[in-house]
Amino acid sequence: MGGLLRHRDARIYIAGQALSLIGDNSLWLAMGIYVKIITGSTSAAGLTFCAYICGLLLVPIGGLIADRVRRRPLLIVANLATGALVCALLLAHGRGQLWLIYLVLFGYGAAGGLIGSAQTALLAVMLPEDLLGDANSLLMVAEVGLRIATPVIGAGLLAWVGPKPVILLDAATFLGAALAALALRLREPRPERSGEPWYDEITAGLRYVGRTIA
């Protein structure tokens with residue numbers, strides 16, 4: 001772990017990833033509570049989580065994109081675009097804008113899948129093989145720990161000062177993650193395409209799981 005923390009790009013990368021996780025986990029629960037407040041409907045609140053999860057189902061497409069382009073510029077663009085998307089929630093003030101909340105959370109889930117795929121692929125290129133295990137372990141600990149704390153923080157901020165600070169906090173974390181990716185000194189080669197049809201690439205993970213004996 002000491003060798004990992006001495007690696008400049010690893011420190012920057014992990015800090016950016018932590019920022020992204022803070023924003024991700026603080027927003028989805030807060031938006032569900034906000035929809036419940038403005039509508040009084042538990043079903044409408046539940047649809048916010050449904051929209052987010054439906055976006056996450058596009059993870060295989062995010063992986064396909066991450067396999068075909070350089071991951072560092074992809075992370076910069078995706079984080080900035082997601083931060084801008086989150087800011088659209090500032091326009092949602094009542095029941096008439098529920099569609100906007102659902103649309104943003106769907107895009108939020110899809111962007112999360114794309115960013116996660118790009119981050120995983122970039123890590124393998126950025127670090128030597130002997131540091132990959134430590135890096136993945138540290139990121140997993142951070143992810144699990146933040147998933148426990150940050151939804152409560154988001155809900156607390158919503159109850160205390162309303163939705164706007166939660167939205168702006170989340171957008172700021174994506175800006176921070178984009179700046180962290182921009183600060184990397186990595187010279188990333190352009191990925192080589194496998195030559196397989198896009199459908200085979202998207203379903204490769206499922207086929208691997210299907211033929212692997214537990």
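**Inside the core**

Tutor: Start at L27: leaving out residues up to four places away in sequence, L27 touches V86, L89, Y108, V166, I167 and D170, where contact means heavy atoms within 4.5 Å. Keep in mind that this is a predicted model, so local features need pLDDT of at least 70 and side-chain atom pairs count only at pLDDT 80 or more, while totals for chains, interfaces and linings use all residues. Numbering runs from 1 along each chain as its sequence is written, and side-chain values use heavy atoms, with hydrogens and water left out.

L27 is among the residues with the most contacts inside the largest nonpolar core, as are Y13, V86, L89 and I101; that core has 47 residues. Such a core is a set of buried (under 20% relative accessible area, 1.4 Å probe, protein chains only) Ala, Val, Leu, Ile, Met, Phe, Trp, Tyr and Cys residues joined through side-chain atoms within 4.5 Å. At least two core residues each come from α2 (8-39), α3 (42-56), α5, α6 (98-126), α7 (129-161) and α8 (163-183); helices here are DSSP runs (H or I, at least four residues), numbered from the N terminus. The top contributor is α6, with 13 residues.

Now look at α3, where A44, A45, T48, A51, Y52 and G55 are buried. They share one side of α3 because they cover an arc of only 115 degrees around the axis, taken from the directions from the helix axis to the C-beta atoms.

Over in α5 (residues 71-87) you'll find N79, which is buried at a relative accessible area of 2%. The N79 side chain reaches the backbone oxygen of L75 at 2.8 Å.

Definitions and conventions: Buried < 20%, exposed > 50% of the residue type's maximum accessible area, 1.4 Å probe, protein only. Polar contact = N/O pair within 3.5 Å; in protein donor to acceptor, adjacent residues only side chain to side chain.
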